[in-house]
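Reader: I have a structure open and would like to learn how to read it. Could you walk me through it step by step?

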Amino acid sequence: MPMTASEIERTILAAIPDAQITVEDLAGDGDHYACTVVSEIFRGRTRVAQHKLVYEAFGTRMGTELHAMALKTLTP
């Protein structure tokens, strides 16, 4: 079963509590999302390290419940 936008937001917030998150369902199918995450935790980290922090929040759900997510990470 695909994840909802609110589930994605809750999952990220559980791992990155100060995150400001915008989630967009790209295809309207609950399987393809674009997500922007803004957090102080990203400061001083490479883009790859930033994305890894977000993807790690999903564990094994990434690629199963969450099929695809275009990710943009920013610092405040």
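**Reading the sheet and its helices**

Author: Happy to! Keep in mind that this is a predicted model. Let's begin with a pair of strands: E2 and E3 run parallel to each other, paired over 7 bridges.

Reader: What holds strands of a sheet together?

Author: In general, strands of a sheet pair through backbone hydrogen bonds, and the pairing may be parallel or antiparallel. Here, one spot to look at is Tyr33, which stands opposite Met69 in E3.

Reader: In what order do the strands lie in the sheet?

Author: The order is E1-E2-E3, in an open sheet of 3 strands with mixed pairing. E1 (20–25) and E3 are the edge strands; each has a single partner strand, so one side of each has no neighbour in the sheet. From one strand to the next, the twist averages 15°.

Reader: Where does H1 pack?

Author: H1 packs on the sheet and touches E1, E2 and E3. Its direction makes about 150° with that of E1.

Reader: And which strands does H2 lie across?

Author: H2 lies across E2 and E3, and it runs at about 125° to E3.

Reader: How should I read one side of a helix?

Author: The general idea is that an α-helix has 3.6 residues a turn, so residues three or four places apart point the same way. Now try H2 (residues 47–56): its buried residues are Gln50, His51 and Val54. They lie on the same side of H2, because they cover an arc of only 95° around the axis.

Reader: What covers the buried residues of H2?

Author: The cover includes helix H1 (5–15), strand E2 (32–38) and strand E3 (68–74).

Reader: How many salt bridges are there?

Author: Look for a side-chain nitrogen of Lys or Arg within 4 Å of a carboxyl oxygen of Asp or Glu. By that rule there are 3 salt bridges. One of them joins Glu56 and Lys52, at 3.9 Å from N to O. These two are 4 residues apart in helix H2, which means about one helical turn separates them.

Reader: Which residues make the others?

Author: Arg43 and Glu40 meet at 2.4 Å, N to O. Glu65 bridges to Arg61, with the closest N and O atoms 3.2 Å apart.

Reader: What is the relative accessibility of Arg43?

Author: Arg43 has 46% relative accessibility and counts as partly exposed.

Technical notes:
Residues are numbered from 1 along each chain as its sequence is written. This is a predicted model: local features need pLDDT of at least 70, side-chain atom pairs count only at pLDDT 80 or more; totals for chains, interfaces and linings use all residues. Side-chain values use heavy atoms; hydrogens and water are left out. Buried means under 20% relative accessible area, exposed over 50%, partly exposed in between (1.4 Å probe, protein chains only). The arc is that of the directions from the helix axis to the C-beta atoms. Contact means heavy atoms within 4.5 Å. Two strands pair if DSSP finds at least two bridges between them. Axes are lines fitted to C-alpha atoms, for helices over the stretch in contact, and angles run from 0 to 180 degrees between N-to-C directions.
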